[in-house]
Amino acid sequence: METTVNHPQRPGIPTKRWTRDYVFDVLKDLGIHYIFGVPGTNEIPIIDGTSYPENKVRYIECLHENIAIGAAMGSARMTGKPGVLVVHVTPGIAHTIGNLFNACRSQTPLVILCCQQQNELVTQEPLLASNLVDLAKQYTKWAHEVRTPAEIPLVLQRAFKEAMAPPNGPVFISIPWEFTMVRIPDDAHMKGITRISSHFTGDPESIRQTALLLAQAKNPIIVAGDAVGYADAWSEVQELAQLIGAPVSLQTFSSVANYPNNDIHWQGELPGVQASIRQVFDGHDVAFWLVSELRHNLRFSNIPTDL
């Protein structure tokens, strides 16, 4: 049975559900309200979905795909939720590569939907078509091309789960554009995205051994990597630096701010040359690295305060 809604642009038009609406089910579940991109013909079904008020998603049209992915990265940083962008076939994903590399290195959660040419024509190498997955996979946690319309819910489930699972990162999905326009039952909805908690601590025995090494160190040094900034652990690292009397250096080419630069322990960013880095560590007997691979799970509540 079809329902009727009062749409400002389509008053009294019956609503129907299409495979593209699975995307909006996910965005509604996660509270994501923006899709970024540069419009092309293959993206029209998804872009059209943003015109329905009930989806509560706004399409942000950008001048270039590298700008679009940069905007999606900014959205992810501000909201803590995956940034979402839609790009157009080979030129679309190719134009994002610069910032896709940055997103990969900075562990920014993104879901990139690339609308591939019509599936049955790809073998004939139509204009702008290519192996899109090969273009994107070296800078993503997971890259996949949808094989059938029925696969879309499962692929979206994995894509958003991968993007949000620590360590976060970009995910790439290629979708033949006609797969987004397949009629689905009115009651066919995504059931929600599986999420992996990012709030966990290390093995208690390993933490004890680490604390013992720091307590016994004569001249320790702390390297504050993106793990600190992503975990919002400034105060914990400051307390640790005070307890053990350690200088704090920032990892080279960090993605976020990881330590207050007005703190007395702050020593600035590590140099980018290996010989200079060795000079920084000269005289230190223990180095405590808080690197980006620890993202989100950095907590010091289990470290003794009587160091």
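Serine 106 is found in the loop between α5 and β6. In this predicted model, serine 106 counts as buried, at 6% relative accessibility, because the limit for a buried residue is under 20%. A polar atom of the serine 106 side chain lies 2.7 Å from the backbone oxygen of asparagine 102. The C-alpha atom of serine 106 is separated by 7.8 Å from that of glycine 169, although the two residues are 63 residues apart along the chain.

Of the 307 residues in the protein chain, 47% are buried. Among contacts in the protein chain with a separation of 6 or more, 76% are accounted for by residues 24 or more positions apart.

The interior was examined next. In soluble globular proteins, nonpolar side chains tend to be buried together. The largest nonpolar core of the model has 33 residues, and those with the most contacts inside it are Leu27, Ile35, Leu113, Leu156, Phe160 and Ile173. Two or more residues are given to this core by each of the helices α1 (21–30), α2 (44–49) and α7 (152–164), and by each of the strands β5 (83–88), β6 (110–116) and β8 (170–176). Leucine 113 illustrates how these elements meet: with neighbours within four places in sequence left aside, leucine 113 is in contact with Val23, Ile46, Leu85, Val86, Val87, Leu156, Ile173 and Ile175. Another core, of 19 residues, lies apart from the largest one and includes Ile69, Met73, Leu100 and Leu110.

Serine 174 is found in strand β8 and is buried, with a relative accessible area of 0%. Not counting residues up to four places away in sequence, serine 174 touches Cys114, Gln116, Leu132, His144, Glu145 and Val146. Glutamate 151, in the loop between β7 and α7, is likewise buried, with a relative accessible area of 17%. With its neighbours within four places in sequence set aside, glutamate 151 is in contact with His144, Glu145 and Val146. The side chains of glutamate 151 and histidine 144 are joined by a polar contact of 3.3 Å.

Aromatic rings were then considered. A pair of aromatic rings is described by the distance of the centres and the angle of the planes. The structure holds four aromatic pairs. One of them, formed by phenylalanine 101 and tyrosine 139, is edge-to-face, with 5.6 Å centre to centre and 90° between the planes. Phenylalanine 101 lies in helix α5 (residues 97–105) and tyrosine 139 in the loop between α6 (132–136) and β7 (142–145), so the pair ties together parts that are 38 residues apart in sequence. Phenylalanine 101 is partly exposed, with a relative accessible area of 34%. Elsewhere, arginine 183 lies over the face of tryptophan 18, at 5.9 Å from the ring centre.

Finally, the cysteines were examined. The structure holds zero disulfides. Cysteine 115 is in no disulfide: the nearest cysteine sulfur, that of cysteine 114, is 6.9 Å away, whereas a disulfide requires sulfur atoms within 2.5 Å. Cysteine 115 counts as buried, at 1% relative accessibility. Cysteine 104, by contrast, is partly exposed, with a relative accessible area of 29%.

Note on methods: Residues are numbered from 1 along each chain as its sequence is written. This is a predicted model: local features need pLDDT of at least 70, side-chain atom pairs count only at pLDDT 80 or more; totals for chains, interfaces and linings use all residues. Side-chain values use heavy atoms; hydrogens and water are left out. Buried means under 20% relative accessible area, exposed over 50%, partly exposed in between (1.4 Å probe, protein chains only). Rings of Phe, Tyr and Trp (its six-membered ring) pair if their centres lie within 6.5 Å; planes under 30 degrees apart count as stacked, over 60 as edge-to-face and the rest as tilted. Helices (H or I, at least four residues) and strands (E, at least two) are DSSP runs, numbered from the N terminus. A charge sits over a ring if NZ of Lys or CZ of Arg is within 6 Å of the ring centre and within 35 degrees of the ring normal. A nonpolar core is a set of buried Ala, Val, Leu, Ile, Met, Phe, Trp, Tyr and Cys residues joined through side-chain atoms within 4.5 Å. Contact means heavy atoms within 4.5 Å. A polar contact is a pair of N or O atoms within 3.5 Å; within protein, one must be able to donate a hydrogen and the other to accept it, and residues adjacent in sequence count only if both atoms are side-chain atoms.
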